[in-house]
Amino acid sequence: MTVSYTVIVFVKQVPDTQNITGEAMTPDGTVNRAALPAIFNPEDLNALELALQLKDRYDAKVIVGTMGPPNAAEVLRNALYRGADEAFLLTDRAFAGADTLATSYALSCAAKKYGKFDLILCGRQAIDGDTAQVGPQLAEKLGIPQICYVEDVVKLTKGKIIAKRAIEGGYEVLEAPTPSLLTVIDSNVPRPQNAKRIMKYKKAKTKSELIKANSTYTDANERAMEESRLDGKSLLIYEWSAEDVGADRERVGFAGSPTKVKEIMNVVLTATDSKMVEATEQGISSLIQELINDHTLG
Amino acid sequence: MANIGNVWVFIEQEGGNIAEVSLELLCKGRELAGRLGVKTEALLIGDKLGKCVDKLYEYGADTVFLAEDPRLEPFTVQPFAKVIMDLIREYNPNILLFGATMKGRELAPRVASEKLAGLTADCTSLRIDNFDDKVSKKSYTDKLMQIRPAFGGNIIATIVNTWDDPQMVTVREGVMKMDEPMVGRKGELIKVKPALSGVETVVKVIERVREDKDVNLKGAQIIVAGGYGVGSKEGFNLIKQLADALGGEVGASRAAVDAGWIEHDHQVGQTGITVRPKLYIACGISGSIQHRAGMTGGKKIIAINTDPDAPIFAVSHYSIVGDLKTVIPQMIKAFKAKA
């Protein structure tokens with residue numbers, strides 16, 4: 001079967017930094033990062049939704065990829081449940097400690113390994129770092145145009161995309177040749193996971209997960225046969241190491257990251273010099289008087 | 001040997017109006033350059049921008065690199081990145097500052113990726129210091145300390161670029177102090193001929209719709225902000241009434257913006273605007289760390305909330321536990337009676 005368009009969506013599994021509950025707070029008022037649940041980065045869900053809309057509108061194949069530890073396969077299955085066709089996991093200890101430059105290089109190697117594509121979609125930014133840098137850096141690494149802050153695709157044709165994107169105080173409609181990279185903002189409602197797809201794709205596994213599930217699974221030939229059986233049913237999540245994607249080890253992970261963290265300080269709630277004001281006419285009136293007296297008001 | 005490159009500031013402009021953040025960065029750039037004993041230089045890129053040059057000298061630029069070309073207007077990323085890369089290759093700056101605006105945040109990473117330079121996003125503080133990298137056992141002198149909130153604002157990280165220059169950062173709007181312009185101050189103008197080809201100019205702007213913001217939160221002395229506790233779009237009328245009475249602007253938390261009660265332009269906080277007014281009145285705002293990141297610079301903070309345990313009370317100077325629907329009218333009445 002041939003499809004008209006190939007769309008790769010890069011996603012990230014992130015700690016949920018936006019809904020920090022009491023359990024994740026330490027007694028000294030700081031956040032215990034390890035206690036935060038891992039979630040699908042919110043804007044990456046918007047990117048996936050946009051890709052799935054393209055699949056609905058134009059005959060497109062949607063491939064979802066991520067870089068992360070072996071358990072990041074969870075977000076890939078989540079994407080398969082929603083409608084993605086294939087998934088790959090880029091995982092290797094060599095990728096650890098990567099900043100955005102090293103990350104975008106590793107992702108560019110994975111995109112090249114995948115082969116020909118028309119579009120790459122990513123969320124604008126991830127909620128753990130909020131940098132919004134990986135999208136533009138990946139576009140540069142691949143030597144393709146970027147359209148950031150995309151709200152919607154107006155039109156996709158062979159060799160050309162027209163997209164609407166947010167700018168400060170308004171919007172733009174841009175036309176770019178394909179392949180191009182789009183970063184997507186919170187501008188659509190991601191579709192939910194589909195029950196039938198869950199039934200099928202909960203069996204989708206990476207190589208590491210197959211080995212983990214069956215410890216006697218040591219015979220390489222047997223494993224290759226099982227992988228090829230799953231692949232035939234689109235149930236194999238491709239798992240690639242740095243070597244598999246031809247990445248130069250000096251350019252990934254900690255070694256490939258120019259930025260180093262010198263120091264981390266937890267933000268602690270600081271009690272300022274605070275006054276209780278009675279919520280009564282009298283209390284409010286004297287507050288206003290105080291603010292007028294010290295020239296804050298009037 | 002220490003790098004002797006200069007401190008560069010990317011000047012963002014829209015139709016020849018220079019973004020405030022760029023002027024803030026010129027002032028900061030001048031401070032950093034003074035510390036390093038180098039020059040502060042501005043990159044002014046676009047078309048027909050000659051009239052902007054003098055203002056840049058007055059805010060601290062020793063040199064203005066002016067690149068003008070019709071293909072640089074309106075702004076698209078790749079041609080701008082090409083002009084900046086060519087300049088970096090020729091002049092080797094030590095530091096390159098961008099505003100963390102929508103434009104800055106799509107342009108800076110494209111440049112950093114090509115240059116293989118480190119880039120730190122959304123800095124809120126910058127200073128020069130030495131760095132001992134304990135992992136690689138290398139020492140660096142006079143590096144740019146790039147300080148930013150991370151992890152949803154729950155931590156503050158100091159980041160250092162250990163590779164070749166330039167050390168690149170984007171800086172949040174409104175966090176660096178803008179000094180008074182030095183009227184009549186002059187500098188050197190270097191006109192640059194952009195070397196653009198069909199490779200960089202492939203993205204076409206078909207349509208462009210923009211309006212200047214009608215809210216000026218950054219410059220506001222008094223801000224009355226509403227949160228989820230306001231309860232509805234209509235509820236914001238009360239916030240507006242108090243703002244009007246006090247001569248202030250209306251702000252909002254992300255929860256109120258997400259609920260659709262008020263436009264994003266009004267959002268204060270990590271993903272909105274950083275403000276430092278004389279008076280900030282937080283009405284029905286619980287005070288998430290992301291919101292507090294944008295408003296604790298206020299000189300006086302009043303918080304009104306029905307929940308006595310709301311985190312906003314930890315940063316407020318005046319805490320009113322009560323319903324904003326009764327407290328706000330009382331405030332308006334009291335102010336009108338006295339002023």
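**Entry 1: chain B as a whole.** I began with the radius of gyration, which is taken over C-alpha atoms, and the rule for a globule, which is 2.2 Å times the number of residues to the power 0.38. I kept in mind throughout that this is a predicted model. Because a compact globule of 339 residues would have a radius of gyration near 20 Å, I noted that the 22 Å of chain B agrees with that expectation. I then looked up the span of its C-alpha trace along the principal axes, which is about 65 × 50 × 40 Å. Chain B holds 8 helices and 18 strands, and buried residues make up 52% of its 339 residues. Of the contacts in chain B with a separation of 6 or more, I found that 65% join residues 24 or more positions apart.

**Entry 2: the domains of chain B.** I saw that chain B is divided into domain 1, residues 7–192, and domain 2, residues 222–338. The centres of these two domains, taken over C-alpha atoms, are separated by 33 Å. Where they touch, 8 residues of domain 1 are in contact with 7 residues of domain 2, and the side belonging to domain 1 has 2 nonpolar, 4 polar and 2 charged residues.

**Entry 3: where the chains meet.** I next asked how many residues each chain gives to the contact between chain A and chain B. Chain A gives 65 residues and chain B gives 69. Among the elements of chain A that give two or more residues to this side are helix H3 (100–114), strand E9 (170–177) and helix H8 (281–293). By class, the side of chain A has 31 nonpolar, 19 polar and 15 charged residues.

Entry 4: I followed an open sheet of 10 strands with mixed pairing, in the order E11(A)-E5(A)-E4(A)-E1(A)-E6(A)-E10(A)-E7(A)-E8(A)-E9(A)-E13(B). Its edge strands are E11 of chain A and E13 of chain B, each pairing on one side only, and the twist from one strand to the next averages 25°. E9(A) and E13(B), residues 204–210, pair in the antiparallel sense over 6 bridges, and I noted Lys204(B) as the bridge partner of Glu175(A). Within chain A, strands E6 (119–123) and E10 (180–184) run parallel and are joined by 5 bridges, with Leu119(A) opposite Ser180(A).

**Entry 5: helices on the sheet.** I found that helix H1 (42–57) of chain A lies across E1, E4, E6, E7 and E10 of chain A, running at about 145° to E6(A). H3(A) also packs on the sheet, touching E1, E4, E5, E6 and E11 of chain A, and its direction makes about 145° with that of E4(A).

Note on methods
Residues numbered from 1 in each chain as written. Chains lettered and ligands numbered in written order. Predicted model: local features only at pLDDT ≥ 70, side-chain atom pairs only at ≥ 80, totals over all residues. Helix = DSSP H or I, 4+ residues; strand = E, 2+ residues; numbered from the N terminus. Buried ≥ 20, exposed ≤ 12 C-beta atoms within 10 Å, placed from the backbone. Contact = placed C-beta atoms within 7 Å. Nonpolar A, V, L, I, M, F, W, Y, C, P; charged D, E, K, R; others polar. Pairing = 2+ DSSP bridges. Domains from an automatic or database assignment. Axes fitted to C-alpha atoms, helices over the stretch in contact; angles between N-to-C directions.
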